[in-house]
Amino acid sequence: MSALPPKTATLHDVAQAAGVSLITASRALSNPERVSKPTIERVLKAVEATGYIPNRMAGGLKSRRSLTVGALVPVISVPQFLPTVQTLTQSLDAAGYQLLLGQTGYDHGREAALLDTFIGRRVDGIVVAGLLQHSPAVDRLRRLGIPVVETWDANERPLDMLVGFSHVKVGSAVAGFFLSRGWQRVGIASGDDERARTRRDGFLAAFGRDVPTAFVKAPSNLALGRSALRELLTHDRGLRAVFCSSDGLASGVLTEARAQGLRVPEDLAVIGFGDADFAAYLEPALSTVQIDGAAIGRHAAQLLLARCRGEPVAQHVVDVGFRIIERASTAA
């Protein structure tokens with residue numbers, strides 16, 4: 001005969017263990033300002049002793065708050081998004097909210113499915129890395145009035161709120177940097193995602209002409225960076241500089257340059273994007289476009305929390321900007 005599953009502790013068990021009424025135990029956990037400090041301490045000790053876990057869904061139905069926020073990123077392994085996720089998590093946690101994280105894999109269909117999942121779980125808000133694509137799920141977000149913060153991009157008319165920067169301006173700034181050095185024989189190693197392509201568009205517009213581009217499947221990595229440089233060198237063996245859509249891709253370009261007998265930066269200058277933790281410690285140290293990912297997470301949390309508290313949001317769009325960090329890989 002199989003053993004019965006262990007009984008889940010209830011709020012009634014907590015109240016009994018603490019020697020208080022059911023309503024007092026409930027208030028101690030949900031509205032502690034209405035209960036004396038000694039009573040709160042007794043209730044918390046009883047929670048620990050019984051192993052009681054509050055039913056957040058039930059509490060959410062009463063308060064119309066789930067105390068959860070959904071976040072979507074393309075892939076969590078991409079270093080540039082990590083500071084945003086970490087800071088967002090910390091800021092929300094400090095306010096009593098939990099973060100549910102989903103990975104879209106650069107797939108708009110999966111993005112829509114995850115949004116539906118978040119809506120079904122009654123999240124209090126949603127943060128997205130990038131701009132949301134039109135879909136029935138996005139229409140439902142509008143209709144339900146769920147606060148949304150789009151990040152890591154720019155749009156003069158966001159769905160709701162936005163914290164990011166212009167990828168067009170990033171590409172334009174890197175092109176200006178190349179032109180200031182007199183580098184004309186240049187190439188681009190780029191992921192095939194929309195934001196990387198937008199940076200390429202900005203580069204070409206500022207550079208004034210088309211340049212060889214090696215596209216790789218997003219998310220990009222060191223191995224794809226090596227193959228991208230090999231492809232670019234088939235177009236122009238005398239290539240002088242390469243703009244990479246990520247630091248991971250740039251690390252592969254640096255590796256392949258050494259394998260090809262090219263000196264960096266004397267023969268080939270390389271610049272990445274994202275200022276990943278490892279960028280400054282490559283050999284040579286990688287020049288890159290720095291984005292304050294932590295600031296993006298912090299601003300996104302502030303906007304969402306203000307909306308959850310019913311406070312007006314004066315600034316719906318926050319531009320965190322960017323800057324080019326020059327290191328040894330372009331210092332010639």
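R140 sits in helix α7, which spans residues 136–144. The model is predicted. R140 is partly exposed, with a relative accessible area of 27%. That value falls in the partly exposed class because buried means under 20% and exposed means over 50%.

Leaving aside residues up to four places away in sequence, R140 touches D116 and I119. R140 and I119 are separated by 21 residues in sequence. In space, their C-alpha atoms are 8.3 Å apart.

The contact with D116 is polar. The side chains of R140 and D116 are joined by a polar contact of 2.6 Å. The pair also qualifies as a salt bridge, with the closest N and O atoms 2.6 Å apart. D116 is partly exposed, at a relative accessible area of 33%. R140 is likewise partly exposed, at 27%.

In total, the structure holds 11 salt bridges. Among them is the pair formed by R181 and E326, whose closest N and O atoms are 2.7 Å apart. This pair links distant parts of the chain, 145 residues apart. R181 lies in the loop between α8 (167–180) and β6 (186–191). E326 lies in the segment after β12 (323–325). R181 counts as partly exposed, at 30% relative accessibility. E326 also counts as partly exposed, at 39% relative accessibility.

A further salt bridge involves R263 and D267. Their closest N and O atoms are 2.9 Å apart. R263 has a relative accessible area of 49% and is partly exposed. Exposed means over 50%, so a residue at 49% remains in the partly exposed class. D267 counts as partly exposed too, at 24% relative accessibility.

Salt bridges can also share partners. R226, R230 and E256 are joined in this way into one network.

Definitions and conventions:
Residues numbered from 1 in each chain as written. Predicted model: local features only at pLDDT ≥ 70, side-chain atom pairs only at ≥ 80, totals over all residues. Heavy atoms only, no water. Helix = DSSP H or I, 4+ residues; strand = E, 2+ residues; numbered from the N terminus. Buried < 20%, exposed > 50% of the residue type's maximum accessible area, 1.4 Å probe, protein only. Contact = heavy atoms within 4.5 Å. Polar contact = N/O pair within 3.5 Å; in protein donor to acceptor, adjacent residues only side chain to side chain. Salt bridge = Lys/Arg side-chain N within 4 Å of Asp/Glu carboxyl O.
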